[in-house]
Amino acid sequence: MAVAIPGLAPVAAALIQMQGPALEAGVLTGSIALPLERARHGDTPVLTFRSPTGSGASGATGGATVGATGAATVRFLLDTGASSSLLSPALVARLSLSSRVIPLRQFALAGAGEGCGAVQPRRARLPLLTAGGPGSARLSLSGAEVLVLPVAGLPADVDGVLGAPQLRQLPLWVDPRGGQLAFGPAALRLAAEASRGDSAGRRPVTHALRWQRGVPLMALPLAAVPGQPAAPLSVPALADTGAEGLFLTPGLTARLMPVGPSRPLRVAGFCGEESARWAPMLGPHLLPLPGHGGHLPAPVQAITTANPVFEALGVEAIVGQELLRSHPQLWRLDATPPLLRLWPTRP
């Protein structure tokens with residue numbers, strides 16, 4: 001979901017495949033720890049793979065660089081809110097991948113914007129992709145099928161989206177403050193080190209997740225705001241690493257407390273643009289509030305929109321980087337049931 005706010009990266013997220021042929025997830029294997037890359041002007045994690053397959057032309061366009069040997073680097077947004085992975089048509093052409101049309105009558109998507117019904121998707125199979133150097137510290141993705149879609153909301157420095165079908169295969173560690181990204185056993189090791197290394201004794205908080213239409217949902221806690229009508233203790237929400245903001249339904253916004261003026265904006269995503277409003281809000285939080293009664297979470301910037309994803313998933317919020325970026329995160333989408341573990345913000 002791309003957001004037209006200065007300084008915020010235009011990141012497409014929350015892509016839900018409602019109907020159509022299942023794409024093969026392929027196999028994501030390995031164990032690797034890397035410096036955390038993020039989308040330009042934003043906080044969405046990015047993973048750079050290398051492909052031995054290319055068009056043979058030198059040069060660079062977008063995020064992929066193709067050298068004289070035909071090898072290419074391919075940059076993916078890591079997007080738990082996407083039920084399918086995708087590539088840009090430009091990258092498919094540069095990697096000389098074959099693709100085939102998915103008939104519109106057999107396919108349906110839900111995402112930000114009002115033009116999903118007119119999207120003409122194709123499907124393609126990725127070549128073997130690897131991340132990391134030689135040796136055991138290596139990640140590989142093989143046999144994965146992806147959608148091929150022209151998405152204006154993708155940042156200029158990335159080539160596609162790696163969605164939940166792949167991210168649910170290995171533990172994932174994202175530490176925005178420490179600047180680390182890890183998969184597999186390396187992710188579990190860094191999570192264990194984070195728990196041992198906290199001299200203040202702060203423990204991680206675990207959020208139970210559940211799968212709905214191929215993406216993880218969570219219960220977003222809401223703080224009681226004095227002087228406001230009683231709000232529920234939590235609301236169902238999409239847990240979405242690919243969303244730069246916190247997105248709320250109009251109904252939920254009406255039950256919370258804005259602490260500043262709102263302003264209009266345009267949200268651009270996989271299916272075009274839609275109108276939204278942006279305002280600081282009290283209530284949503286991911287970690288327990290300190291002490292006892294009277295404490296409120298810090299205000300967060302919330303974006304109110306009538307995104308079709310809300311209805312498609314039966315949720316009232318999309319929890320993105322506005323709430324996630326301050327916390328080391330262990331995503332166990334590979335576990336049964338899945339979970340998200342968050343560590344308190346380090347001083």
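Visitor: Which residue stands opposite arginine 125 in β15?
Guide: This is a predicted model, in which local features need pLDDT of at least 70 and side-chain atom pairs count only at pLDDT 80 or more, while totals for chains, interfaces and linings use all residues. Strand β12 (residues 122-125) and β15 pair in the antiparallel sense over four bridges; two strands pair if DSSP finds at least two bridges between them. In β15, the residue opposite arginine 125 is glutamate 145.

Visitor: Which residue of β15 is the bridge partner of leucine 87?
Guide: Here we turn to strand β9 (residues 86-87), which runs parallel to β15 and is joined to β15 by two bridges. In β15, leucine 87 has as its bridge partner valine 148.

Visitor: Are the residues on the two faces of β15 buried or exposed?
Guide: Buried means under 20% relative accessible area, exposed over 50%, and partly exposed in between, with a 1.4 Å probe and protein chains only. In strand β15 (residues 145-148), Glu145 and Leu147 are on one side, with Val146 and Val148 on the other. Both faces are covered, and these four residues are all buried.

Visitor: How many residues of strand β21 are buried?
Guide: Helices (H or I, at least four residues) and strands (E, at least two) are DSSP runs, numbered from the N terminus. Strand β21 spans residues 215-221 and is mostly covered. Of its seven residues, the number buried is six.

Visitor: Which residue in the turn between β20 and β21 has a positive phi?
Guide: Strand β20 (residues 210-212) pairs with β21 in the antiparallel sense over three bridges, and tryptophan 211 stands opposite proline 216. The two strands form a hairpin with two residues between them. The turn residue with a positive phi, about 50 degrees, is arginine 213.

Visitor: What stands opposite leucine 217 in β22?
Guide: β21 also pairs with strand β22 (residues 234-239), in the antiparallel sense and over five bridges. In β22, the residue opposite leucine 217 is leucine 238.

Visitor: How many residues are in the largest nonpolar core?
Guide: A nonpolar core is a set of buried Ala, Val, Leu, Ile, Met, Phe, Trp, Tyr and Cys residues joined through side-chain atoms within 4.5 Å. Those with the most contacts inside the largest core are Phe49, Leu139, Phe183, Leu220, Leu286, Val319 and Trp331. Strand β8 (residues 72-78) gives the most to this core, with four residues. The number of residues in the largest core is 55.

Visitor: And how many residues make up the second core?
Guide: This core is separate, and Leu238, Phe247, Val267 and Ile303 are among its members. Its residue count is 17.

Visitor: Why do the buried residues of α3 line one face of the helix?
Guide: An α-helix has 3.6 residues a turn, so residues three or four places apart point the same way. In α3, the buried residues are Ala186, Ala187, Leu190, Ala191 and Ala194. Seen down the axis of α3, they line one face because they fall within an arc, taken from the directions from the helix axis to the C-beta atoms, of 140 degrees.

Visitor: Which exposed residues does the other face of α3 carry?
Guide: The buried residues of α3 pack against β3 (27-35), β17 (172-175), β18 (180-183) and β29 (329-332). On the face turned away from that buried side, the exposed residues are Pro185 and Arg196.

Visitor: Is glutamine 321 buried or exposed?
Guide: Glutamine 321 lies in helix α6 (residues 321-324). Contact means heavy atoms within 4.5 Å, and beyond its neighbours within four places in sequence, glutamine 321 is in contact with residues including Asp43, Thr241 and Gly245. Because its relative accessibility is 2%, glutamine 321 counts as buried.

Visitor: What is the mean pLDDT of the chain?
Guide: Residues are numbered from 1 along each chain as its sequence is written, and side-chain values use heavy atoms, with hydrogens and water left out. pLDDT is the predictor's confidence in each residue, from 0 to 100. It stays under 50 over residues 1-12, while 78% of the chain's residues reach 70 or more. The mean pLDDT is 83.
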